[in-house]
Amino acid sequence: MALEMTGSYDIPVPREKVWEALNDPAILKRCIPGCEELERTGETELRALVVAKVGPVKAKFKGKVFLSELDPPSGYRISGEGDGGIAGFAKGGAKVELSETQAGTTLVYTAEAQIGGKLAQLGQRLVAGTAKKTADEFFKNFAEAVTGETHEGV
Amino acid sequence: MYAFDYQRPSFSQDAVSMMRSLEEPKLLAGGQTLLPTLKQRLAQPGTLVDLSRIPDLSGISVAGDVLRIGAMTRHAEVATSDLVHAHSPALAELAGMIGDPAVRNRGTIGGSLANNDPSADYPAAALALGATLVTDRRRLAASDFFRGLFETALEEDELILAVEFPKSGPAAYRKFRNPASRYAMAGVFVVRGADGVRVAVTGVGQEGVFRWKEAEAALTARFAPDALEGIALDPHTAMSDLHGDGAYRAQLTKVMARRAVEAIGG
């Protein structure tokens with residue numbers, strides 16, 4: 001089952017700062033909903049532990065996050081795959097593009113997700129809404145985190 | 001199913017204190033969503049706190065103009081209660097349309113509302129009828145209670161004790177059910193109140209139950225099935241899945257709304 005999501009955020013911070021934050025595991029960890037652990041294991045590879053909670057469902061996913069198509073400071077592709085054991089698997093990615101504006105930076109993302117196993121059987125009713133909510137929450141948290149970090153520094 | 005501990009308190013305050021003191025507790029009402037989830041190993045609570053033997057949580061009563069339904073009251077009891085039929089016949093009819101007999105004999109009104117499944121029936125009734133949810137610590141208006149997909153205003157250790165429905169004007173609920181699950185593909189609860197018409201929709205919104213304001217305005221101006229002709233729900237705000245896309249659900253919503261208006265008699 002495949003899902004696609006898009007969104008756009010205006011962030012009042014210079015593009016270089018946004019790009020740095022996109023590559024900072026500590027900021028990413030704070031912004032990924034339900035992320036309990038995120039460590040860098042290589043130049044473009046991270047290891048993650050994420051708890052997905054939707055209604056009655058609460059499943060732990062161990063997974064890997066990869067960064068590719070790096071084009072600093074205009075964007076990259078962030079992708080991940082997780083294994084929730086018997087709950088199923090989830091994998092997804094997002095193409096993130098940063099463009100400079102007068103007010104700072106506009107972040108545009110196009111994300112897609114695939115879910116299999118029992119999670120997929122739950123139906124899109126549950127899963128599509130969750131995937132969309134998770135993507136929205138991540139980029140909203142990210143926009144806030146970047147804005148906050150920079151203002152603290154001023 | 002993973003292993004878990006099990007507690008069956010006799011008083012609601014004991015259930016609340018268990019929710020505070022135990023490791024990873026989870027309240028068990030009728031279990032019609034939670035038990036299948038556990039069987040699929042999609043959740044792993046430490047302890048299930050079973051509410052089924054707390055006498056105060058079940059039962060139906062009327063005080064003045066208010067119908068009070070205990071949180072652990074089963075759908076089948078609501079569907080067949082003389083009190084509910086006299087006070088709010090559309091609510092009894094809705095309860096009789098939930099799931100199948102097995103679900104109706106186990107599922108509870110409090111469990112359904114606390115779960116806030118975007119395709120469940122009771123949230124539409126609670127929102128349209130302006131219900132009040134009475135918890136162990138406060139009273140919550142239905143309009144403040146539902147917070148999107150499977151999310152409510154309830155705190156982790158908060159327990160719904162009862163749901164109160166004020167006396168309403170004529171009302172009707174119509175739904176198009178998924179033939180397999182019997183969840184609503186589109187369910188519309190219409191109330192013709194003294195201060196205007198209220199229309200609540202379930203099974204359709206990406207954020208769960210919602211009030212369809214355009215339909216409310218059109219029907220308040222003129223209460224007739226064809227008053228809905230000129231308006232349409234935005235298909236992009238409707239859920240889209242293998243059972244039906246957004247445009248299909250938006251159209252179904254309009255048809256169900258019209259049928260509910262016809263049932264009330266415009």
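Biologist: How many residues does the hairpin between strand 6 and strand 7 of chain B run through?
Modeller: Keep in mind that this is a predicted model. Strand 6 of chain B covers residues 132-135, and strand 7 of chain B covers residues 139-141. The two pair in the antiparallel sense over three bridges. The hairpin that joins them goes through three residues.

Biologist: Which residue in strand 7 of chain B is the bridge partner of Thr132(B)?
Modeller: Thr132(B) sits on the uncovered face of strand 6, along with Val134(B). Look across to strand 7 of chain B, and the partner there is Ala141(B).

Biologist: What stands opposite Thr135(B) in strand 8 of chain B?
Modeller: Thr135(B) belongs to the covered face of strand 6, together with Leu133(B). Strand 6 also pairs with strand 8 of chain B, residues 160-166, in the antiparallel sense over four bridges. In that strand, the residue opposite Thr135(B) is Ile160(B).

Biologist: Moving on to the contact of the two chains, which element of chain A gives the most to the side that touches chain B?
Modeller: The contact takes 15 residues from chain A and 18 residues from chain B. On chain A's side, the elements giving two or more residues are strand 4 (57-71) and helix 4 (124-153). With five residues, the top giver is helix 4 of chain A.

Biologist: And how many residues on that side of chain A are nonpolar?
Modeller: Start from the 15 residues that chain A brings to the contact. Four of that side's residues are polar and four are charged. The nonpolar ones number seven.

Definitions and conventions:
Residues numbered from 1 in each chain as written. Chains lettered and ligands numbered in written order. Predicted model: local features only at pLDDT ≥ 70, side-chain atom pairs only at ≥ 80, totals over all residues. Contact = placed C-beta atoms within 7 Å. Nonpolar A, V, L, I, M, F, W, Y, C, P; charged D, E, K, R; others polar. Buried ≥ 20, exposed ≤ 12 C-beta atoms within 10 Å, placed from the backbone. Pairing = 2+ DSSP bridges.
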